[in-house]
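Open the model in your viewer and keep the sequence at hand. The tour below goes from one selection to the next.

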Amino acid sequence: MRITKKNSIPLYIQLAFRRAIVPSCKNIIVAHNHPSGNPEPSNENINLTEKLVEAGKIIEINVFDHIIFAEGT
């Protein structure tokens with residue numbers, strides 16, 4: 001599944017979990033930056049997090065958190 005938006009980089013859900021599957025991780029923390037400086041999650045961020053959580057349930061990897069970095073925050 002590919003998530004895209006204008007002014008964004010495509011994210012494939014399986015790529016978010018790839019590095020967690022090989023070493024048998026039970027939890028992941030997802031993080032990305034907002035170059036705009038606004039740390040508030042967009043609707044797309046919220047939808048992506050929900051999809052990651054659901055995918056994680058299927059493969060038994062908990063999405064512990066989704067952190068947004070913005071300049072100064």
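## Stop one: Asn-45

Select helix α2, residues 43–59; Asn-45 lies in this helix. The model is a predicted one.

Is Asn-45 buried or exposed? Its relative accessibility is 11%, so Asn-45 counts as buried, the cut-off for buried being under 20%.

Now show the side chains of Asn-45 and His-34. They are joined by a polar contact of 2.9 Å.

Move to strand β4, residues 62–70. Phe-64 is found in this strand. With a relative accessible area of 58%, Phe-64 is exposed, because exposed means over 50%.

Which strand gives the patch its largest share? Strand β4 does, with three residues.

## Stop three: confidence

Colour the protein by pLDDT. The mean over the protein is 86, and 86% of the residues reach 70 or more. Confidence is highest in β4, at 95. For the lowest value, select strand β1, residues 2–3, where the mean is 52. Where pLDDT is low, predicted coordinates should not be read in detail.

Methods
Residues numbered from 1 in each chain as written. Predicted model: local features only at pLDDT ≥ 70, side-chain atom pairs only at ≥ 80, totals over all residues. Heavy atoms only, no water. Helix = DSSP H or I, 4+ residues; strand = E, 2+ residues; numbered from the N terminus. Buried < 20%, exposed > 50% of the residue type's maximum accessible area, 1.4 Å probe, protein only. pLDDT = per-residue confidence, 0-100. Polar contact = N/O pair within 3.5 Å; in protein donor to acceptor, adjacent residues only side chain to side chain.
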